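Reader: I am new to this structure. Please take me through some of the labels used for it.

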Amino acid sequence: MTESLQIIELGNPILQQRSHPVVDVRSDRVQKLIADLMLTVRNANGVGIAAPQVAQPDRLFIVASRPTPRYPNAPEMEPTAIINPRFLAHSDEVVKDWEGCLSVPGIRGLVPRYQAIEVEYTGQNGKLYRQEMNGFVARIFQHELDHLDGIVFLARVESVQDLMSEKEYQERIVQANERFSSKE
Ligand code: ZN
């Protein structure tokens with residue numbers, strides 16, 4: 001039965017470990033983990049979640065962009081399982097934007113990421129995919145891939161001035177964006 005899993009938080013040493021490649025994508029254990037992660041990220045209003053965040057050291061994550069209270073402007077897409085991912089290429093252009101993390105509640109940070117990436121990964125069906133991504137979805141992919149290497153987004157924030165509490169973020173950034181879009 002599919003279940004919503006407990007998310008571990010900053011300070012848990014598992015978040016600092018490098019995860020292991022998934023050997024048998026079609027195994028019952030991996031297929032159940034994928035289904036459980038998809039339910040967990042949905043219940044948490046997240047747009048992505050990596051296996052280490054539920055204490056499973058597998059190179060596997062979910063990208064599930066959709067508008068939520070935490071990310072009102074996120075594009076809508078089908079939740080996608082990304083297994084054993086790797087970069088093939090990336091843009092020279094790097095952009096800074098706000099990120100949060102289900103394992104770091106209450107904190108937002110401005111994180112530099114490649115604007116566009118080309119990636120290869122195995123899908124839930126065991127097939128190999130090659131895909132180009134850009135903007136917010138590319139950002140989620142880079143954030144989640146970092147989790148597989150034991151890196152939390154705070155490590156990529158360049159200055160303490162680029163950090164904000166969730167409350168200030170909602171008041172300053174989300175509401176400012178809403179004021180801006182209501183003028184259009
Ligand atoms: Zn995260």
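Author: This is a predicted model. Start with the aromatic rings: five aromatic pairs are counted.

Reader: What makes the pair of Phe61 and Phe141 edge-to-face?

Author: Their ring centres lie 5.1 Å apart, and their planes meet at 80°. Pairing needs centres within 6.5 Å, and edge-to-face needs an angle over 60 degrees. Both conditions hold, so the pair is edge-to-face.

Reader: Which parts does this pair tie together?

Author: Phe61 lies in strand S2 and Phe141 in helix H2, so the pair ties together parts 80 residues apart in sequence.

Reader: Why is the pair of Phe87 and Phe141 called tilted?

Author: The angle between the planes is 55°, with 6.4 Å centre to centre. Under 30 degrees would be stacked and over 60 edge-to-face, so 55° counts as tilted. Phe87 is in strand S3, 54 residues from Phe141. Phe61, Phe87 and Phe141 form one aromatic cluster.

Reader: How do you know whether Phe141 is buried or exposed?

Author: Its relative accessibility is 0%. Buried means under 20%, so Phe141 counts as buried.

Reader: And what is Phe87 called?

Author: Phe87 has a relative accessible area of 36%. That value falls between 20% and 50%, so Phe87 is partly exposed.

Reader: Why is Thr40 called buried?

Author: Its relative accessible area is 2%. The cut-off is under 20%, so Thr40 is buried. Thr40 is found in helix H1. Thr40 touches residues including Glu3, Leu5 and Ile49.

Reader: What puts Arg108 over the face of Tyr71?

Author: Arg108 is 4.8 Å from the ring centre. The distance limit is 6 Å, and the charge must also be within 35 degrees of the ring normal. Arg108 lies over the face of Tyr71.

How values were computed:
Residues are numbered from 1 along each chain as its sequence is written. This is a predicted model: local features need pLDDT of at least 70, side-chain atom pairs count only at pLDDT 80 or more; totals for chains, interfaces and linings use all residues. Side-chain values use heavy atoms; hydrogens and water are left out. Helices (H or I, at least four residues) and strands (E, at least two) are DSSP runs, numbered from the N terminus. Buried means under 20% relative accessible area, exposed over 50%, partly exposed in between (1.4 Å probe, protein chains only). Contact means heavy atoms within 4.5 Å. Rings of Phe, Tyr and Trp (its six-membered ring) pair if their centres lie within 6.5 Å; planes under 30 degrees apart count as stacked, over 60 as edge-to-face and the rest as tilted. Lists of a residue's contacts leave out its neighbours within four places in sequence.
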